[in-house]
Amino acid sequence: TLCRIAEQEKMEQEKQWVKQFPMKKLIEMNWLSQSENNVEGLLSFFGVADSEAWGKVWHDVNVAYAYRKSNKRKTDIFALAAWLRRGELMANKKEVSEFNREKLVKMLPKLKELSLKKAKDLQEGGTKLLADCGIILIFVQELPNMPISGVYRCLSNGKRVIQLSLRYKTNDQVWFSLAHE
């Protein structure tokens, strides 16, 4: 009986944890399945056993990286964590060359040339140029209450990732975000 009570309390704690995420948007964007139990779906998405484990991995996500972000609005750390995790999952499916700083420095003028073109050219040409230097460039739709334009980070598997949200969806914003990262 005590075990059952403890399990019910744990389940209630997990349900409260789920309520902090923008679940409707995560399902709408197909990051999570609507048919899944929300608790199990989120735990699977984040690759953790429970909300306590999630907290250990994602608790400092708001200050762990140097984001290009607006300070006019408060960042929802649950939305931010989901956005970062989506980028991580996307990046893990991509193969790139080993990181090469010299190659990156030599490639920058080519990337700069692309800045005179449309943002679409960045998605195609810029992604390839950066991949040849060992950097994954990915675009992940932003979530509500997440005023983040971009972030650069090195994943635990050593992959280097520039993740952009395409906030404002204008060429100058996209290029400025890329330059920031």
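# Burial, contacts and pairing

Q: What does Glu88 touch, not counting residues up to four places away in sequence?
A: Glu88 touches Trp58, Arg153, Leu155 and Gln163, leaving out residues up to four places away in sequence. A contact means heavy atoms within 4.5 Å. The model is predicted, and local features need pLDDT of at least 70, side-chain atom pairs count only at pLDDT 80 or more, and totals for chains, interfaces and linings use all residues. Residues are numbered from 1 along each chain as its sequence is written, and side-chain values use heavy atoms, with hydrogens and water left out.

Q: Why is Glu88 called buried?
A: Buried means under 20% relative accessible area, exposed over 50% and partly exposed in between (1.4 Å probe, protein chains only). Glu88 has a relative accessible area of 16%, and is therefore buried. The place of Glu88 is in helix 5; helices (H or I, at least four residues) and strands (E, at least two) are DSSP runs, numbered from the N terminus.

Q: What makes the approach of the Glu88 and Arg153 side chains a polar contact?
A: The term requires a pair of N or O atoms within 3.5 Å; within protein, one must be able to donate a hydrogen and the other to accept it, and residues adjacent in sequence count only if both atoms are side-chain atoms. The side chains of Glu88 and Arg153 make such a contact at 3.5 Å.

Q: Why is Gly150 classed as buried?
A: Gly150 has a relative accessible area of 0%, so the residue is buried. Gly150 lies in strand 3. From C-alpha to C-alpha, Gly150 and Gln163 are 5.5 Å apart, although 13 residues separate them in sequence.

Q: How do we know that strand 2 is mostly covered?
A: Five of the five residues of strand 2 are buried. Ile135, Leu137 and Phe139 point one way, while Ile136 and Ile138 point the other way. In a regular strand the side chains alternate between the two faces of the sheet.

Q: What makes strand 2 and strand 4 a pair?
A: Two strands pair if DSSP finds at least two bridges between them. Strand 2 and strand 4 (residues 160–164) have five bridges, in the parallel sense. Phe139 has Leu164 in strand 4 as its bridge partner.

Q: What makes a set of residues the largest nonpolar core?
A: A nonpolar core is a set of buried Ala, Val, Leu, Ile, Met, Phe, Trp, Tyr and Cys residues joined through side-chain atoms within 4.5 Å. The largest has 34 residues, and Leu26 and Trp83 are among those with the most contacts inside it. Helix 5 gives the most to this core, with eight residues.
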